[in-house]
Amino acid sequence: MVMRIARILAAVSVFALAAAEAQADPVKIRAGWSNTPTAMAPIIFAKPELAQHLGKTYTMEAVHFAGSAPEITALASGDLDIATLAPSSFALAIENAHMSDLRVIGDENQDGVPGWFTSLYFVLKDSPIKSVE
């Protein structure tokens with residue numbers, strides 16, 4: 001009986017050690033951005049409470065680009081995991097770079113859509129501008 005308990009404890013110890021060693025490093029996510037506030041990648045983690053699993057299950061590296069078109073090259077070469085592509089760049093990535101496996105995972109900016117913020121334009125009351133036309 002004592003030997004049986006010892007074997008069970010030994011087996012549990014082996015499984016516990018194996019489980020502890022099986023924990024992987026956090027996944028590194030490289031996210032491209034070109035300008036703020038349209039791209040929130042460089043500032044989204046300013047409030048750590050919003051990213052509860054940052055550093056535990058994933059890490060995030062914000063990579064700056066001069067525009068969304070260079071992000072296509074970085075995606076194609078594997079240097080980038082997530083890109084903030086303009087609609088025109090998204091189409092170019094699919095059509096010209098043949099990146100048919102791209103997926104939209106979020107929409108950071110919408111304008112002119114009912115229920116969403118839209119850009120406002122103001123002019124002085126005594127301005128000669130009286131309408132958008």
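**Which side chain does the side chain of serine 68 make a polar contact with?** It's the side chain of serine 89, at 2.7 Å. (A polar contact is a pair of N or O atoms within 3.5 Å; within protein, one must be able to donate a hydrogen and the other to accept it, and residues adjacent in sequence count only if both atoms are side-chain atoms.) Before going on, a word about the model: it is predicted, so local features need pLDDT of at least 70 and side-chain atom pairs count only at pLDDT 80 or more, while totals for chains, interfaces and linings use all residues. Residues are numbered from 1 along each chain as its sequence is written, and side-chain values use heavy atoms, with hydrogens and water left out.

**View 1. The whole protein, end to end.** You'll find three helices and two strands here, in the order α-β-β-α-α along the sequence. (Helices, H or I with at least four residues, and strands, E with at least two, are DSSP runs numbered from the N terminus.) Of the 133 residues, 16% count as buried. (Buried means under 20% relative accessible area, exposed over 50%, and partly exposed in between, using a 1.4 Å probe and protein chains only.) The accessible surface comes to about 10800 Å², and carbon and sulfur atoms own 63% of that. (Accessible areas come from the Shrake-Rupley method with a 1.4 Å probe; for residues, only the protein chains shown count as cover.)

View 2. One polar atom of its side chain lies 3.4 Å from the backbone nitrogen of alanine 86. Skip the neighbours within four places in sequence, and serine 68 is in contact with Ser34, Thr84, Leu85, Ala86 and Ser89. (Contact means heavy atoms within 4.5 Å.)

View 3. Helix α2 covers residues 68-77, and its buried residues are Ser68, Glu71, Ile72, Ala74 and Leu75. They pack against β1 (27-33) and α3 (87-95). Eight residues build the largest nonpolar core: Phe65, Ile72, Ala74, Leu75, Leu80, Ala93, Met99 and Leu102. Helix α2 gives the largest share of this core, three residues. (A nonpolar core is a set of buried Ala, Val, Leu, Ile, Met, Phe, Trp, Tyr and Cys residues joined through side-chain atoms within 4.5 Å.) Leucine 75, not counting residues up to four places away in sequence, touches several residues, among them Leu80, Met99 and Leu102. After α2 comes glycine 78, with a positive phi near 85°.

**View 4. A nonpolar patch on the surface.** Met40, Ile43 and Ile44 form this patch, with about 240 Å² of accessible area together. (Patches are made of residues with over 30% relative accessible area and no salt bridge: like charges are joined within 9 Å, nonpolar side chains, meaning Val, Leu, Ile, Met, Phe, Trp and Tyr, within 5 Å. A salt bridge is a side-chain nitrogen of Lys or Arg within 4 Å of a carboxyl oxygen of Asp or Glu.) Isoleucine 44 belongs to the loop between β1 and β2 (58-64), and it counts as partly exposed because its relative accessibility is 42%.

**View 5. Two residues after α3.** Histidine 98 is in the segment after α3, and it has a positive phi of about 55° although it isn't a glycine. With a relative accessible area of 63%, histidine 98 is exposed. Lysine 130 lies in the segment after α3 and is exposed too, at 65% relative accessible area. The side chain of lysine 130 reaches the backbone oxygen of lysine 125 at 3.3 Å.
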